[in-house]
Amino acid sequence: LDGKRVIGVDLGGTKILAGIVDGDGHVEHRREHATPVGSQDDLLAGLDQAVEELLDDRIAAIGFGLPSPIDQRTGRAQQAVNIPLDASIDFRTRMSERFELPVGIENDANSAAYAEFHFGAAREANTMVMLTLGTGCGGGAVIDGKLFRGWAEFGHMVIVYDGIPCQGTCTGRGHLEPYVTGVAAAKLAQDVFGPAVDAHRLVRLAGEGEPQAIEILDGIGRHLGAGIGSLVNIFNPDLVVIGGGFAAAGDFILDPAREVVAREGLAGAGDRVRIVRAELGTAAGLIGAALVAFDALT
Ligand SMILES: [Zn+2]
């Protein structure tokens, strides 16, 4: 990419991560700011500042990873759950005009999937899907080397008809998300171990061999496997990557998921697919946003 550099910005509910990224995925000048959530104007001002302090003559484009479904046709964030950003502004055009550079925008989980595909756990894969398990459950897919630029809201796949209510502002029921997140794990753990136990403590207890903790994670893993099994039957990926903070549960959830996927996958796909943990950690969103910026150059 001719030594070009771009700015990647990963906008989260609590922090803005920004950095300068080269074509090999190396991050320089990584910066972190608290996300201003008072109003949309405050939020935009915070993003402007995060970009401005990194901007120089070498920067060819800017990419933003946003915690919202994106309408790529209009360049708008459709409905962010945790931050004051909505479809009333043409985000992409607004940023492109302000900084006089090409701008790409993408959903944060899609960005993370793109980064893992190029530089992380899926760098040998041709088709991959990713699920991020944190407070919520995000998804992304790269198909035959191309990032799927649609919603990919895999956390809102219906896995149980009329099942438990979804999380956040989602009014659906039986979606994958309320069965597999860190929030879901904490809720199940608190029923057994008391109100002070969170998802991290649950995973620690499982690591110490506590049978009820292992059983809770096993149940979460089986629901995760149901979701992954459906994704395998749609995309037939080489690899499924699990990221986000709750991926720290590791094989306590991934082994039962693998068992379910082996059973549910069509034509042997469930036995062929590998299910692994993400490798890029918290940098994935920023690096993926940078990749979206590089794509905006072409
Ligand atoms: Zn939902």
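Predicted model: local features only at pLDDT ≥ 70, side-chain atom pairs only at ≥ 80, totals over all residues.
**Briefing: a pocket lining and a helix crossing**

Among the elements that line the second largest pocket, α5 contributes the most, with four residues.

- The space in the second largest pocket comes to about 150 Å³.
- Two helices, α4 (177-180) and α5 (182-193), each provide at least two residues of the lining of this pocket.
- The residues that line the second largest pocket are Ile164, Pro165, Cys166 and Gln167, together with Pro178, Tyr179, Ala184, Lys187, Leu188 and Asp191.
- Sorted by class, the lining of the second largest pocket consists of seven nonpolar residues, one polar residue and two charged residues.

**The crossing of α1 and α2**

- Helix α1, which spans residues 40-52, and helix α2, which spans residues 91-99, have axes that come within 12 Å of one another and cross at roughly 45°.
- Because of that angle, α1 counts as oblique to α2.
- The handedness of the crossing of α1 and α2 is right-handed.
- On the α1 side the residues in contact are Leu44, Leu47, Asp48, Val51 and Glu52, and on the α2 side they meet Phe91, Arg94, Met95, Arg98 and Phe99.
- Taken by class, the residues of this contact between α1 and α2 comprise six nonpolar and four charged residues, with no polar ones.

Definitions and conventions. Residues numbered from 1 in each chain as written. Heavy atoms only, no water. Axes fitted to C-alpha atoms, helices over the stretch in contact; angles between N-to-C directions. Parallel < 35°, antiparallel > 145°, perpendicular 65-115°, else oblique. Left-handed = near helix turned anticlockwise from the far one by under 90°. Contact = heavy atoms within 4.5 Å. Nonpolar A, V, L, I, M, F, W, Y, C, P; charged D, E, K, R; others polar. 1 Å grid on protein atoms, 1.4 Å probe; cavity = no way out; pocket = protein on both sides within 12 Å on 5 of 7 lines; lining within 4 Å. Points joined across faces, edges and corners; volume = space filled by probe spheres on them.
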